[in-house]
Amino acid sequence: MSPILTSVEKIIKGKEEYLRFYVKDPNFYTDYLINTKKNGCRFIIKPCYRNLLDEGNKTYYLIEEVSQVDMRLKTEDFKYCIFLIDADFRSFSFVKKSNFYKAIFTQHANFSLAVFNQIVVFSRAKFMQDVDFSNAEFTQSTYFLGAKFIKNVNFFNARIHHIVNFAYATIGSLDLSHAIIERIMYEDIVLTSANRQTFLIFRDLCINMNNHQNAIFHQITNFLKTPLALLGVDLKNFQFNKICHFANHPYLCKGLI
């Protein structure tokens with residue numbers, strides 16, 4: 001597993017500015033020279049050696065102003081972007097394939113009430129502060145493969161009409177309460193929260209599998225079984241407030257069938 005990035009800050013060395021990456025231990029860091037603007041943003045050159053596809057140097061663009069976000073929203077391409085400001089996408093309607101591949105969010109990321117009308121890619125993105133997807137709607141496949149959530153990620157009341165893929169992701173605290181989810185993939189997910197009883201919240205969670213209008217307990221059990229076992233949590237002691245049945249809540253089926 002690659003080292004977990006915990007924080008990023010700007011520093012000055014002589015007359016030059018650097019971006020310092022801290023990994024786990026605050027005393028362990030790497031500095032990258034901040035270069036003058038390219039494509040409207042300052043940038044750093046960061047080596048990548050994880051696999052053959054990523055091997056070599058990569059250009060990461062620094063998002064330091066809201067105007068830089070507005071510029072990239074024209075293409076909805078934020079891959080290899082480092083957000084040094086709050087990423088505020090509240091209520092925004094994404095109409096193209098939204099690409100946040102390997103983006104780094106150093107501050108809060110807010111996608112509440114956003115609508116994603118095409119495929120969404122957050123694969124290998126890093127979130128170092130809380131992330132809010134509450135009341136967001138995902139109409140196509142959503143990918144968080146290998147993403148790292150250091151703190152809390154909130155999908156309260158989210159609507160995911162297709163697959164959401166958390167394979168190989170590292171997640172601190174995950175809130176899926178009142179969410180409606182078509183399908184979840186979770187292969188080799190890592191859950192890091194120290195609170196083993198409440199890091200997953202499933203109040204009124206509905207999972208619509210294969211377009212059948214029900215939310216069956218064993219489907220949730222299958223989702224939870226492997227990651228909870230890794231943390232030593234026994235499902236028989238896990239508290240579910242309520243399991244919804246679509247037949248009893250027809251309004252929940254809107255948009256799913």
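This is a predicted model: local features need pLDDT of at least 70, side-chain atom pairs count only at pLDDT 80 or more; totals for chains, interfaces and linings use all residues.
Residues are numbered from 1 along each chain as its sequence is written, and side-chain values use heavy atoms, with hydrogens and water left out.

Visitor: How many helices and strands are there in the protein?
Guide: Helices (H or I, at least four residues) and strands (E, at least two) are DSSP runs, numbered from the N terminus. The protein has 2 helices and 25 strands.

Visitor: Is Ser112 buried or exposed?
Guide: Ser112 lies in the loop between β12 (109-110) and β13 (115-116). Buried means under 20% relative accessible area, exposed over 50%, and partly exposed in between (1.4 Å probe, protein chains only). Ser112 has a relative accessible area of 9%, so Ser112 is buried.

Visitor: Which residues does Ser112 touch, not counting residues up to four places away in sequence?
Guide: A contact means heavy atoms within 4.5 Å. With those neighbours left out, Ser112 touches Phe89, Arg90, Ser91, Asp132, Phe133 and Ser134.

Visitor: How many disulfides does the count come to?
Guide: A disulfide is a pair of cysteine sulfur atoms within 2.5 Å. For Cys41, the nearest cysteine sulfur is that of Cys81, 6.3 Å away, and Cys41 is in no disulfide. The count comes to 0 disulfides.

Visitor: What is the relative accessible area of Cys81?
Guide: Cys81 is buried. Its relative accessible area is 0%.
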